[in-house]
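Colleague: I would like to learn how to read a model such as this one, feature by feature. Could you give me the general idea each time and then the case at hand?

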Amino acid sequence: MVNALNDKRVRAALLAAPLVVFVAVTFLAPLVTMLVRSVYEPAVADSLPATLEALADWDGRELPDEEIFRTAGMEFVALNEERALGSVATRVNRLQSGMRSTLLGSARRLENDLPEGSWRDAMIEADEDWGEVSTWLAIRRAGERFTPRYYLNALDLDRGAAGEIVAQPEDRRIYVSLLWRTFLISATITAISLLLAYPLAWLLAHARPARAGMLLLLVLVPFWTSLLVRTTSWIVLLQNQGVINDLLVVLGILADEQRLSLIYNMTGTIIAMVHVLLPFMILPLYSVMRTIPPRHMQAAASLGGSFWQSFRRVYWPQSLPGVAAGSLLVFIMSIGFYITPALVGGRTGQLISSMIAYHMEQSLNWGLAAALGAILLLLVVLLYLIYNRLVGVDRMSLS
Amino acid sequence: MDCEFHLNVIPRGAKRSRGFSRTSRRDSATSRRMTGETVIPRAAKRSRGISVGRLRIRSWARGMLASLLAVASAAAAAQTLTVVSWGGSYGRSVERAWVEPFMAETGIDVRMEDYNGGLAQIRAQVETGNVFWDVVDLTTPDAVGACDEGLLEFITLEELPAAADGSPAAGDFLPGSRSDCSGGGLVSATVVAYNEELFPGAKPARLEDFFDLERFPGRRGMRRVPAANLEFALMADGVPLDEVYRTLDTETGMARAFAKLDTIKEQIVFWEAGAQPPQMLADQEVVMTTAYNGRIFNAQILESQPFTIVWDGQVQETSGPGIVLGTPRRAIARRFIEFVSRPESLAGISKYISYSPTRLSANAMVTTHLETGIEMAPHMPSAERNMRRALNSDWLWWADNGDEMNERFAVWLTR
C-alpha cells in the first residue's frame with residue numbers, strides 16, 4: 001500500500017518534471033542571471049588587479065603618486081596589447097563620459113612610446129584627464145566587483161567624491177520619471193480596459209449561447225491577430241491624415257487645421273495598448289461572470305432592491321475575482337510593453353521598456369538594464385502582494 | 001513576451017468557460033487521473049506502464065538517430081555561412097551584390113538572416129559560446145562597441161584586399177569609416193527630405209529650412225535618438241562643420257543644440273524604424289523628415305514618390321560587416337569579408353541602392369541602377385555636389401558620450 005502510494009507520488013513527480021525543468025531553464029535561470037548582473041560586475045576587477053590594488057590605499061583626495069601611475073600605465077599598455085582594454089574602457093566610461101577615449105588613446109600613445117622618466121608626466125601629457133582626481137576615482141569605482149551603482153543609476157542617483165550618494169544632475173534624471181510614467185500609463189490602461197470590458201463581459205456571459213459565441217469570436221479574432229498588425233492598423237486609423245481625422249473633417253466636426261493629435265504621443269500609446277490588452281481583461285471577467293447565477297440578481301430584485309443596489313451588493317462582489325485577475329494581468333503586461341509604445345508612443349508615450357531595450361541592444365550596459373528590470377519585477381511583486389491581501393489570490397484564480 | 005502570455009492565458013480562461021468544453025473535459029480528466037479516484041484511469045495506467053518501456057527503447061534509438069543526424073548536419077553546417085543584415089530593400093541588395101556572387105565564386109553555401117541592429121543577440125551568442133551568426137552587418141558605432149566588448153574578430157587593414165590600382169588597402173579607406181573589427185563597408189547619410197506636393201511655392205533648400213517653421217510650416221519627422229539630430233541642430237544654428245563635436249563637448253554647446261531642437265519640438269513626429277519616414281511623407285503625416293538617403297531613393301525611384309532630398313546638410317554614417325568572435329566557421333567568414341571588401345563588391349551594392357563604398361577606389365566603379373538604368377553617382381551621399389555640407393558622424397565621440405547623450409535626450413523628450 002505504502003509502496004503503491006510512493007509509486008504514485010514518484011509518477012506524479014515524473015509527470016511534473018518536464019514542466020519544472022522547463023520553467024527552471026527558461027525562466028528561473030535567466031531571471032537569476034539577470035539579477036546577479038545587476039549587482040555583480042567582475043570585468044574591470046579581473047582586468048586591472050594591480051592598478052586596483054595600488055589604488056586601494058590611495059586617499060582619493062590628491063592625485064595618486066608616481067608608483068600608482070606607473071603600475072596603472074603599464075597595466076593599460078599590457079591590456080591594450082592583448083586588445084582587452086576596450087571592455088574596461090567602456091565600463092569606466094559609464095561612470096564618467098569620455099573615459100573610453102582617455103584610456104584607449106593614452107594606452108596607444110604609451111605603447112608606441114614607453115616613458116623613460118616619469119609615467120605621471122607622460123600620462124598627463126597623453127591626456128590631461130589623468131591629472132584629475134575624478135578620473136582615478138572612476139577607475140577605482142569601476143573596479144568594485146559587487147556594486148550598487150546600477151541600482152543607483154536606475155534611481156537617478158550617483159556617488160560623490162567621498163562615496164556619498166548624491167542626485168544625478170537634473171538633465172540626466174530620467175529613470176524615476178519614466179518609471180512613474182510607466183506606472184501611471186499602465187494604471188490608466190488598466191482602468192480603461194476594465195470600464196470597456198466589464199459591460200462586454202456581462203453581455204457575453206448573459207447573452208443567448210449563439211450570440212455569445214459570435215461576440216466571443218469578435219473578441220478572440222483580434223486577440224489572435226499579430227501584435228504588429230494591430231499596432232500599425234492603429235497608425236493608419238489615428239494619424240493626422242488618417243481615417244478618423246479625415247472622417248471628422250469631412251463631417252464638418254473639425255476644421256482641416258484642427259485635426260486631432262491622436263498618435264505619436266501618450267494618447268496613441270494608451271489607445272493602442274488598451275486595444276491590444278483588452279482580451280486579457282475580458283476573458284477572466286467573462287469566465288467569472290458565467291459562474292454567477294442570474295437567479296441571484298432576480299432574488300435581489302424580488303427582495304425590493306433597485307438594479308443599481310442589487311448590482312452593487314450582489315453582482316459586483318461576486319465578479320470581483322475576475323476584476324482582480326483581469327486588472328492584475330493587464331497591469332503587469334502593460335508595465336513591460338515594448339513594441340506598441342515604441343511605434344506609436346512618439347515623444348510622450350514612451351515607457352521604461354524603451355530604456356531597457358537601449359541598454360540591452362545599444363549600450364550593452366546589461367547591468368543597468370538588469371537593475372531597471374529588477375525594479376519593475378519588485379513593483380510587480382509588491383503589487384501582487386497587495387492584491388493578495390485585498391482580494392486573495394485563491395479567490396482570484398478560482399471562481 | 002506577449003506571445004508567452006497568449007499561451008498561458010487562453011487555456012486559463014478556457015478552463016472555466018463552457019465555450020471550450022473540449023479543453024475543460026480533458027482538464028478534469030487529467031485531474032481525476034492524478035488523484036487516481038476512478039477505475040478507468042488504472043487501466044490507462046497499466047497500458048501506459050508498458051508503453052513507457054517501449055518508449056524508452058524507442059526514444060533511445062531515436063536519440064541515437066538524432067545525434068547521428070546532428071553530427072551529419074553539423075558537418076554540413078560547417079560549410080554553410082550565416083550572414084546577418086538589416087533586411088528590407090538593403091538586405092536584398094546585400095544578397096544580390098555580395099552573397100550570390102560569393103556563392104558563385106567559392107561554392108560556399110550562405111544563409112541570410114535579418115535583424116534590426118543592436119548587439120544583444122551577438123553578445124548572448126558569444127557569452128554562451130553558441131555562435132550561429134557568423135558575419136553580421138553592423139553600423140560603425142555598433143561595430144566599435146562590439147569590438148571593444150570582445151564580441152568580434154579583429155580585422156586589420158593588411159588583411160583586406162588591395163585597391164583597384166593594386167595599392168595597399170590602408171590608403172584606400174575613408175578616414176574613420178571602419179572599426180578595428182569591420183571589413184569594407186558603405187556610407188549612408190541621414191538627410192532631410194520633403195514631399196514636393198506640399199510645397200507648391202518656395203521649396204526647402206537648406207538644412208536651416210528644416211528648423212524654419214515660419215517659411216515652411218508643418219510637422220517634421222525625426223528619429224527618436226540624439227545621434228544626427230544634435231549635429232543637425234548645431235549645423236543649422238550656424239556652427240561650422242569642423243566645430244560641431246567640439247561645440248557639443250561643452251555644456252553651453254549642448255544647451256545650444258537642445259535649444260535649437262526646442263524651436264521645432266512641438267511640431268516633431270518621432271520615428272523609430274527606417275521604413276517609417278518615407279511612409280509618413282507619403283501619408284502627408286509630416287511635410288519634412290530626417291531619413292536615411294537610401295530609403296528616400298527607393299521611394300523616389302521604385303515607387304515614383306514626389307520626394308526630394310535636401311543635400312545641403314547631411315550626416316554621414318558608415319557600416320560594414322564583422323565576424324562574430326568564436327564562430328566555428330571562421331575561415332569561410334574571413335573569405336566572405338575578403339570578398340565583400342573588394343572595391344568591385346562594394347561598388348556592386350550601388351546597382352541596387354544608393355549607398356556609396358567606404359573605399360576611395362571603389363567610387364569610380366559606381367555605375368547605374370540595375371532595375372531602372374538610372375545613373376547612380378548623383379544619388380550617392382558622397383557625390384561631389386551632395387557633399388557641400390556633409391558631416392562625418394564621429395563614432396569616437398559617440399562612443400565616449402552616447403550613453404550620457406541618450407539620457408539627456410530622453411530627459412529633453414519628457415520635458
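Colleague: How many residues does the contact take from chain A and from chain B?

Modeller: Two residues are in contact if their C-beta atoms, placed from the backbone, lie within 7 Å. On that basis the contact takes 46 residues from chain A and 41 residues from chain B. Several helices of chain A, among them H1 (2-37), H14 (266-290), H17 and H18, each supply at least two residues of the side that touches chain B; helices here are DSSP runs (H or I, at least four residues), as strands are (E, at least two), numbered from the N terminus. By class, that side of chain A has 17 nonpolar, 19 polar and 10 charged residues, where Ala, Val, Leu, Ile, Met, Phe, Trp, Tyr, Cys and Pro count as nonpolar, Asp, Glu, Lys and Arg as charged, and the others, Gly among them, as polar. Please keep in mind that this is a predicted model, in which local features need pLDDT of at least 70 and side-chain atom pairs count only at pLDDT 80 or more, while totals for chains, interfaces and linings use all residues. Residues are numbered from 1 along each chain as its sequence is written, and chains are lettered from A and ligands numbered from 1 in the order in which they are written.

Colleague: Is helix H18 of chain A mostly covered or mostly uncovered?

Modeller: A residue is buried if 20 or more other C-beta atoms lie within 10 Å of its own, exposed if 12 or fewer, and partly exposed in between, with C-beta atoms placed from the backbone. H18 (residues 352-361) of chain A is mostly covered, since 7 of its 10 residues are buried, including A:Ile352, A:Met355 and A:His359. The cover over the buried residues of H18(A) includes helices H10 (175-206), H17 (339-344) and H19 (366-390) of chain A, together with H5 (120-128) and H14 (395-414) of chain B.

Colleague: Why does A:Ser327 count as buried?

Modeller: A:Ser327 is buried because 24 other C-beta atoms lie within 10 Å. This serine lies in helix H16 (residues 307-335) of chain A, and, leaving aside neighbours within four places in sequence, A:Ser327 is in contact with A:Thr190 and A:Leu194. A:Ser327 and A:Ala191 are 136 residues apart in sequence, yet 7.9 Å apart in space, C-alpha to C-alpha.

Colleague: At what angle do H3 and H8 of chain A pack?

Modeller: Two packed helices are described by the angle between their axes and the distance between the axes. Axes are lines fitted to C-alpha atoms, for helices over the stretch in contact, and angles run from 0 to 180 degrees between N-to-C directions. H3 (residues 49-56) and H8 (residues 133-142) of chain A pack at about 115°, with their axes 10 Å apart. H3(A) and H8(A) are therefore roughly perpendicular to each other, given that angles under 35 degrees count as roughly parallel, over 145 as roughly antiparallel, 65 to 115 as roughly perpendicular and the rest as oblique. In H3(A), A:Thr51, A:Leu52 and A:Leu55 meet A:Trp136, A:Ile139 and A:Arg140 in H8(A), a contact whose residues divide into 4 nonpolar, 1 polar and 1 charged.

Colleague: How do H6(B) and H14(B) lie to each other?

Modeller: The axes of H6 (residues 140-148) of chain B and H14(B) come within 10 Å and cross at roughly 60°, and H6(B) and H14(B) are therefore oblique to each other. Their contact involves residues including B:Pro141 and B:Val144 of H6(B) and B:Trp395 and B:Trp398 of H14(B).
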